[in-house]
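Q: Can you walk me through this one before I set anything up?

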Amino acid sequence: MQRFLNKHPTRAVFVLLAIASLAWLIFSVWPEWLIDLIGRKKTFVNTLINGLTLGGLYFLVASGFTLIFGLMRNVNLAHGTMYLLGAYIGYEVAEFSNNWYLGLIAAFIAVGLCGMLMQLLVFRRMEGDDLRQTLVTIAISIIAADLMLAVWTGTTYQFTPPEWLFGSVTLPIVSAIKSSGEVVYLKYPLFRLMVMLLAILVGVVLWLFLNKSRIGMMIRAGVNDRDMLSASGVNIQLIFMLVFAIGAGLAGLAGVVGGTALSIAPGEDIRYLLASLVVVIVGGLGSITGAAIGAVIIGLAEQFGLAYLPTYGVVITFLIMVMVLAIRPKGIMGK
Amino acid sequence: MMKGQHSIFGHFFTNDSPSLWIVAAVLLIYPAISSDFFTFQIGAYSLILGTISLSLMMLAGYGGMVSLAQLTVAGLAGYLMAIFGENSVGVMGFGWPWWITSIWAILLAALFSAFIGTISVRTEGIYTIMITLAIAVAFYFFVRQNYVLFNGWTGYAGIEPPTILGIYWRNPIPFYYLSLVVAAFCYWAVVYCSRSTFGLALQAIRDNPRRMQSLGYNIVLHRVIAYFLSGFIAATAGVLLVWFNGRISPGSVSVGVIIDILVIAVLGGLRHPIGPFIGAIVFVLLENFAIDLIDRERFNTVIGLVFLLIVLYSPDGLLGLWKKLWTRLIDSRKIRPNEIGNELRTKSADSIETS
């Protein structure tokens, strides 16, 4: 902190100014001219929180994607499929047992197992041939999407979250002051806030796992030099399977979370695949921190695009991607 | 050079010209011996899909860049036809004459392809797939939610080919010949391009970009031009495709169709320009007749399984299978086709390096 201040005083001032003005935008009561300029405060703050929530969800999906790529150099284009599969399995289990948590756990385990199977049956057979691996994941996602459509049809499903997460909370943010002088506070669905918290939790756990545990150390070593790691007596195939299980499991978990915060339907697999792709392109492939940064940027861009530029929303996401690629071809945190 | 010519056709056709002429003759008399359905829905459609996949094959096979945005380029050309030409929806539709519209649409779409190239050439291999897929999916979501330019979910309908010389070009037989001429021209152009200095340099860049760079070749420029040329082919086929369907909507540029193009190219084989056309014929036949064997709804499972089997067991597609069979059959004293190919490749690389 001190070093940053000393090193880049102007940058630090800009950062502080940006934080201050954002805080002012969130907590103050907006004057008339600002409302005339960019619309009601409620829209802005809601969009902001929506964007952060969506970013959290994207992080849950993309962290698994980037983890798998980082270690195995394999772009798993069936990742969106795993998200959708997790959502459906979680839904069935949650409906059957009437327990949302069980659904969450079942999705994580079931999709994790699918990931292990894929690694065991497919990827191990074509190591180092990343183009073929990518094509195989495309083939798997075509078949899986079609079979899922056959089983669960085109209906839209939605989870019922546990009792205490249901409903909305009042945030300590003033949205407007009525003419009678009554202060109106902003309300927001509790579950969506929990998505953000869960994403932060998963991020922290992943970071601790990768940086502080022995297996995490092996994974990081594998990212840097796979051959050397296996030469020093580590069973690298086991590590691969573990990483694949965690990465896929996270996608399944995100499926349940996303299905509760939003909904699940055929086609969502493509949406979350695109999200993961753009998030890791922007954030940098193979980096968990990059995935977090990318997820927040893309989540915010998407929500602000939807709210303020309805017909050109996607273009903002696209422009961000192009800009990042032009300045840093390997993404913000890419090496 | 004689050897080179031999190998380019000998790759697939056993003994140069005879088989080439036979195929050409069959293609020419095909409408006479088949019904309207087979001429239009199978013949012309295969030729169009084959041409779009050909543009992917050119990029992937010669440039080593697997771009999933080729269908997007074709789709953009189709949309531009609707926007600048005539459509029956009542949105946009400037009503330009067909020949200006098509030239303009093809040119703009090819430029768009070059733009995609500029974005993605800075990265390599897997990254190219990811970025082009991201661009293609973003384009799909964009046309779906944009009503001002692309008329959103509904898209455009009533895009008709012109009536020239008293012939209505959407009738099966004229349309088949139109597609055949375009496909044959594109095929010839790709074969010609692969033997030109540009094509040889592109293939050398695919094999060893660093060496080519140190030899003074501008690899970024070569790749972007390859994107432009392949975009040109894809856009031309895109114009035909929109005439074929008469309409275009976000569904025409959705991920399913994007993957179909990749499936076709990989199915046929990415090593030779004839591959995509073989893949397209197999694909269209499966699409039309697999429903007799299984439920219509489950077509994607069938094509997915075929794709999976090909990727797992014959990475060079049906062409690769054919070549394997062929090398087993021919006399072992003869030089095998793939060896000639390698010889040509090293030879051409040498001649570039020494020149």
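Q: What kind of model is it, and what are the ipTM and pTM?
A: It's a predicted model. The scores are ipTM 0.78 and pTM 0.82.

Q: What's the mean pLDDT of chain A?
A: Chain A averages 84, with 99% of its residues at 70 or more.

Q: Which elements of chain A have the lowest and highest mean pLDDT?
A: The lowest is helix 1 of chain A (residues 2–7), at 72. Helix 5 of chain A (residues 79–97) has the highest, at 91.

Q: And what does chain B average?
A: Chain B comes in at 81, and 87% of the residues score at least 70. Residues 1–15 of chain B have pLDDT below 50, and in the model that stretch has 33 contacts beyond near neighbours in sequence. Residues 343–355 of chain B are also below 50, with 12 such contacts.

Q: Switching to shape: how many helices and strands are in chain A?
A: Chain A has 14 helices and 2 strands. Its radius of gyration is 21 Å, close to the 20 Å from the globule rule for 335 residues, so chain A is as compact as a globular protein of that length. Along the principal axes, its C-alpha atoms fill a box of roughly 70 × 55 × 35 Å.

Q: Back to helix 5 of chain A. At what angle does it cross helix 6 of chain A?
A: Roughly 140°, and the axes come within 7 Å; helix 6 of chain A covers residues 100–121. The two helices are therefore oblique to each other. Their crossing is right-handed.

Q: Which residues meet there?
A: From helix 5 of chain A, they include A:Leu85, A:Gly86, A:Ile89, A:Gly90 and A:Val93. On the helix 6 side of chain A, A:Gly103, A:Ala106, A:Ala107, A:Ala110 and A:Cys114 are among them. The contact residues split into 13 nonpolar, 5 polar and no charged.

Q: Now chain B. How far apart are the axes of helix 3 and helix 7 of chain B?
A: They're 9 Å apart, packed at an angle of about 20°, with helix 3 of chain B at residues 36–63 and helix 7 of chain B at residues 172–195. That makes helix 3 of chain B roughly parallel to helix 7 of chain B. This crossing is left-handed.

Q: Which side chains would I look at in that contact?
A: Helix 3 of chain B brings, among others, B:Asp36, B:Phe40, B:Leu47 and B:Tyr62. Helix 7 of chain B brings residues including B:Phe175, B:Tyr176, B:Cys186 and B:Val190. Overall the contact has 17 nonpolar, 5 polar and 1 charged.

Q: Last pair: is the crossing of helix 4 and helix 5 of chain B left-handed or right-handed?
A: Right-handed. Helix 4 of chain B (residues 70–84) and helix 5 of chain B (residues 98–120) pack at about 145°, with axes 8 Å apart. The contact includes B:Leu76, B:Leu80 and B:Phe84 of helix 4 of chain B, and B:Trp104, B:Leu108 and B:Phe112 of helix 5 of chain B. Its residues divide into 12 nonpolar, 4 polar and no charged.

How values were computed:
Residues are numbered from 1 along each chain as its sequence is written. Chains are lettered from A and ligands numbered from 1 in the order in which they are written. This is a predicted model: local features need pLDDT of at least 70, side-chain atom pairs count only at pLDDT 80 or more; totals for chains, interfaces and linings use all residues. Side-chain values use heavy atoms; hydrogens and water are left out. pLDDT is the predictor's confidence in each residue, from 0 to 100. Helices (H or I, at least four residues) and strands (E, at least two) are DSSP runs, numbered from the N terminus. Axes are lines fitted to C-alpha atoms, for helices over the stretch in contact, and angles run from 0 to 180 degrees between N-to-C directions. Angles under 35 degrees count as roughly parallel, over 145 as roughly antiparallel, 65 to 115 as roughly perpendicular and the rest as oblique. A crossing is left-handed if the near helix is turned anticlockwise from the far one by less than a right angle, and right-handed if clockwise. Contact means heavy atoms within 4.5 Å. Ala, Val, Leu, Ile, Met, Phe, Trp, Tyr, Cys and Pro count as nonpolar, Asp, Glu, Lys and Arg as charged, and the others, Gly among them, as polar. The radius of gyration is taken over C-alpha atoms; the globule rule is 2.2 Å times the number of residues to the power 0.38.
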